Amino acid sequence: MKKFKTLIVSALMVCAAFVSNVPAASAGSPLRFGIKAGMNVSKLSLDKDLYSSANRSGFTGGLNVQFTAPIINIGVDASVMYTHRNNGISFKDVEDALKETGTFNCDYLEVPVNFRWNIGLPLIGKVFTPYLLTGPDFSFRLSNQTVKEAVKYRSFDVAWNFGLGFRLIDHLELGATYGLGITNSASGNDALYGKNIFDGKNRFWTVTATWLF
């Protein structure tokens, strides 16, 4: 698993070096490439009332590609990201008092594929362009470190993104997305706590900055 993780990171670095050499003349064209980085705040939505989840922060970084159809300004915004997420889970006793709290970490290869609308504004469109996006988010687990392996993360996770942001000077983009988990991404370890202890879906906010070439 460590070798696979190293391979993914190395591939992203090679792609980043390639993207950085894309001529600046591509600015304003339908097809754009960029480097993207930011932070996320994650929380598991649990299906059992005996447990609760708290917000925890993580980080993300990778590559971005965009295609926008001329005139209508609608297109596709896709990325390949290395993403680290944290989740805080509290286990309660019968008196509803907190018994044990743990922070559980997981690394993903995240591939969001969003449908995007660049909102063209007269006169200032080249300086400031807001946008809206939505689409599926596919996450492939690379590794996880948990306390006593108390939480098991699934190898594949699907969410749906809703986002907005804006582009400045045709190169810098600042955006925020909310990921609504569709599939169960984590569950309690049956060997430690018994069968069907809980299942959880990821809920996460992500704030990113992207530099387009």
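I started with R85, which is buried at a relative accessible area of 2%. Buried here means under 20% relative accessible area, exposed over 50%, and partly exposed in between, with a 1.4 Å probe and protein chains only.

**Ground rules**

I am working on a predicted model, where local features need pLDDT of at least 70, side-chain atom pairs count only at pLDDT 80 or more, and totals for chains, interfaces and linings use all residues. I number residues from 1 along each chain as its sequence is written, and side-chain values use heavy atoms, with hydrogens and water left out.

**Confidence and layout**

I checked pLDDT, the predictor's confidence in each residue from 0 to 100. The chain averages 80. At least 70 is reached by 69% of the residues.

I listed the elements next. I count helices (H or I, at least four residues) and strands (E, at least two) as DSSP runs, numbered from the N terminus. The chain has 2 helices and 11 strands. From the N terminus on, I read the order α-β-β-β-β-β-β-β-β-β-β-α-β.

I then took the totals. Of the 213 residues in the chain, 43% are buried. A contact means heavy atoms within 4.5 Å. I took contacts between residues at least 6 apart in sequence, and 65% of them join residues at least 24 apart.

**Salt bridges**

I used this rule: a side-chain nitrogen of Lys or Arg within 4 Å of a carboxyl oxygen of Asp or Glu. The count comes to 6 salt bridges. Side chains of opposite charge can pair when their charged atoms come close.

I returned to R85. Its salt bridge partner is E110, with the closest N and O atoms 3.3 Å apart. R85 lies in strand β4 and E110 in strand β5, so this pair ties together parts 25 residues apart in sequence. E110 counts as buried too, at 6% relative accessibility.

What does R116 pair with? One partner is D77, with the closest N and O atoms 2.8 Å apart. D77 is in strand β4 and R116 in strand β5 (residues 98-118), so I note a link between distant parts of the chain, 39 residues apart. D77 is buried, with a relative accessible area of 4%. R116 counts as buried, at 4% relative accessibility.

E173 also forms a salt bridge with R116, and here the closest N and O atoms are 2.5 Å apart. E173 sits in strand β9 and R116 in strand β5, so the pair ties together parts 57 residues apart in sequence. Both E173 and R116 are buried. I traced shared partners from there: salt bridges join R32, D77, R116, R167, D170 and E173 into one network.

I counted two strands as paired if DSSP finds at least two bridges between them. Strand β8 (residues 156-168) pairs with β9 in the antiparallel sense over 10 bridges. W160 stands opposite L180 in β9. The hairpin of β8 and β9 has 3 residues between the strands, and there I169 takes a positive phi near 45°.

β9 also pairs with strand β11 (residues 199-212), in the antiparallel sense over 9 bridges. A176 stands opposite V207 in β11.

**Inside β4**

Is N87 buried or exposed? N87 is buried, with a relative accessible area of 1%. I place N87 in strand β4 (residues 74-92). The C-alpha atoms of N87 and F104 are separated by 5.2 Å, though the two are 17 residues apart along the chain.

**Surface**

I took accessible areas from the Shrake-Rupley method with a 1.4 Å probe; for residues, only the protein chains shown count as cover. The chain exposes about 11,200 Å², and carbon and sulfur atoms supply 68% of it.

I noted a nonpolar surface patch of about 650 Å², made by I71, I72, I74, W117, L132 and L164. Patches are made of residues with over 30% relative accessible area and no salt bridge; like charges are joined within 9 Å, nonpolar side chains (Val, Leu, Ile, Met, Phe, Trp, Tyr) within 5 Å. L164 has its place in strand β8. L164 counts as exposed, at 51% relative accessibility.
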